[in-house]
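Work through the exercises below with the sequence and the 3D view at hand. Try each task before you read its solution.

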Amino acid sequence: MRRGWWAALALGLLRLCLVQANFAPHFFDNGVGSTNGNMALFSLPEDTPVGSHVYTLNGTDPEGDPISYHISFDPSARSVFSVDPTFGNITLVEELDREREDEIEAIISISDGLNLVTEKVVILVTDANDEAPRFIQEPYIVLVPEDIPAGSSIFKVHAVDRDTGSGGSVTYFLQNLHSPFAVDRHSGVLRLQSGATLDYERSRTHYVTVVAKGSEVLKVVAMDGDRGKPNPILYSLVNGSDGAFEINETSGDISVMQSPAQLQREVYELHVQVTEISPVGSPAAQAIVPVTIRIVDLNNHPPTFYGESGPQNRFELSMNEHPPQGEILRGLKITVNDSDQGANAKFNLQLVGARGIFRVVPQTVLNEAQVTIIVENSAAIDFEKSKVLTFKLLALEVNTLEKFSSTADVVIQLLDTNDNIPKFNSHYYVARIPENAPGGSSVVAVTAVDPDTGQWGEVKYSIYGTGADLFLIHPSTGLIYTQPWASLDAEATARYNFFVKAEDMEGKYSIAEVYITLSDVNDHCPQFGNSIQKKTMVLGTPVKIEAIDEDAEEPNNLVDYSITHAEPANVFDIDAHTGEIWLKNSIRSLDALHNITPGRDCIWSLEVQAKDRGSPSFSTTALLKIDITDAETLSRSPMAAFLIQTKDNPMKAVGLLAGTMATVVAITVLISTATFWRNKKSNKVLPVRRVVRKRSAPAPRTIRIEWLKSKSAKAATKFVLKEKPPNENCNNNSPESSLPPRAPALPPPPSMAPSTGAAHWTVPTVSGSLTPQQSQLPPNPKTMGSPVQSTLISELKQKFEKKSMHSKAYF
């Protein structure tokens, strides 16, 4: 038992000693240029592709335990590499750029599971010729006098290459070999070539394209076989260059001396001689090595445009405006070519300044193509907007570093067509002329413009439509005037409306509307209905006169009224605007009126005037006869009052009677219909009963009427109605007139024996103007009847007998 315990203790101590004796692993150091070990002094070109296996971490463990590898970076830095933990293979996972980051710090580690060993390493990023030279402050605009001498320096271009060493050196070339200018390949100084001249009138602008690129082609390295302090070595070209290449005698860098377009051979066999210089300065050992330079499709040809006679950078064409959409400009014969091969000969075509009017086909070209320009927007090709269309045709390389390009100007002269219609400067024209304008008078001038040129822009005018018969239009000037025989009358037609048409030589036209209004001229005088007006005036109620002026407009047709003559003059007043005539306020009864006139007459003759407000003013006069009665007389008999009121308008009486009869008939029909339907519902037939009522004997009206007629006839024989002849001259504002002499006093009405059952009959007074006849015997008042009564009876009887047979019963 004791022995077993000691054995276990000894085994545990042995294991503890073994653990304590476990040594840490370590990396191998394989020196400069090695790609296996601890990455010490490791460098990597900046143009190494991402995903490349660039290094292998390698180490060992003294005990032979399995090991693993790790790599890490500062948190602020990029994780450029990744590592396989088992095999130690390091892969580039991010792109390198020496110009941005020329060294990378990393922490590599190796572990055996118990021990971890870490090291900080710095990886150098070496330069590659991956940067293109860039010009400073381009584009360059230089003003040069046209008389500058040949060979003179004009300008110095400067390009910077961020690469180092030979990759950072820059040489300059002109893209166009036929330019009057030349550039120094090292300094970038631009000069006018020997024998070249400038001419401002011939060409005001020259576009010069300078190419800047790294010129080194190859570096030859020779080493002296001596150790310790080797002698310096000089490099030189023996033959095969033909002036296209040179070598730096100290560095061995071979550079191209000509522009790519000037390299004529595909293969150059150069012989480079290396000479060792002895300490005394004399050449010692020499060696010659052949160098083969093969020219592989250098991008040394820009795209070039050709016409029918060779290279051409300006193309001109004449065409009609508004060609059909999609039409090809067949007058342009353009070919474009790039003499390079492969990707260097691929370029795009585009139009600059065409503003979507045209498009070019094809848009991508390889080597050579026929250029086709197609109409894209026909409406924009408008002669009236622009007589010349100018744009550029641009060819630009696609996949080359140089991005060579060339341009050609395309100039299109547009020809006018009749693509516009004449347009009036207004949709309608309004004019106003006096109605007394003589024939041939100018009315209004219309104007239409056709934007087309030449014969396409000539406009011819015409008029048509209702109302155009009285007018003419000048076909060229558009002046509208009245017909020579035209007689205008605003009272007959005050407005004319017709159409005017503007038409070009091909029949394209537009239409405008013309409105002509005749200005009224005061050429009519006011007119009364009759030269003698007869009115009946009831005390307190005015009578009205009216005259019509046929002029079309105010104030020519506005009429003012006045009383020009009356005796006595202080009896009547007249409203100048309405023509209403009434007694003065001081006269309120027939007695007051009788007191004014010795003959106690109630019949008056007035001379009234109607005058318009035109300039000059016209007037006319008429004789007005007024019969005056009072309301008390009218109230004695409603029928007489009605007859008096309707004396001047008998149709009013007939209409009232007809309306009354129609109302009675309608009521009778309604009652009969109601009775019929009531009997029909009760199924009873009632006998027709006729009720005969005895009618009272009428009053002896016939005797009274005959008596009135005899009396009125006797009285009427003593008076004669004197009427003034109508005023023939409507401009006579003060015609001579004489009022009738005062009538004698009326005799009292004859007494009538009352008749039993007879209705009281009152005869109203009716207007009339009576003049007594010259008689040798004086009148007997007792034998005279009432002239007013007799006139009323005769006048009403005549009017009612003519208008209606139903009114005879009242007489």
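**Exercise 1.** Which residues does Met-39 touch, not counting residues up to four places away in sequence?

*Solution.* Step one: apply the contact rule, heavy atoms within 4.5 Å. Met-39 then touches Tyr-55, Leu-57, Ile-90, Ile-108, Val-121 and Ile-123, with residues up to four places away in sequence left out. Step two: place Met-39 in the chain. It is found in the loop between strand E2 (36–37) and strand E3 (43–45). Strands (E) are DSSP runs of at least two residues, numbered from the N terminus.

The model is predicted: local features need pLDDT of at least 70, side-chain atom pairs count only at pLDDT 80 or more, and totals for chains, interfaces and linings use all residues. Residues are numbered from 1 along each chain as its sequence is written, and side-chain values use heavy atoms, without hydrogens and water.

**Exercise 2.** Is Met-39 buried or exposed?

*Solution.* Recall the cut-offs: buried means under 20% relative accessible area, exposed over 50%, partly exposed in between (1.4 Å probe, protein chains only). Met-39 has a relative accessible area of 0%, so Met-39 is buried.

**Exercise 3.** Why is strand E22 (residues 267–277) largely enclosed by the rest of the structure?

*Solution.* Eight of its eleven residues are buried, so E22 is largely enclosed. Now find its partners; strands pair if DSSP finds at least two bridges between them. Strand E19 (residues 233–239) runs antiparallel to E22, joined by six bridges. Here Leu-237 stands opposite Val-272. Strand E23 (residues 283–294) also pairs with E22 in the antiparallel sense, over ten bridges. There, His-271 has Pro-290 as its bridge partner.

Note on methods. Helices (H or I, at least four residues) and strands (E, at least two) are DSSP runs, numbered from the N terminus.
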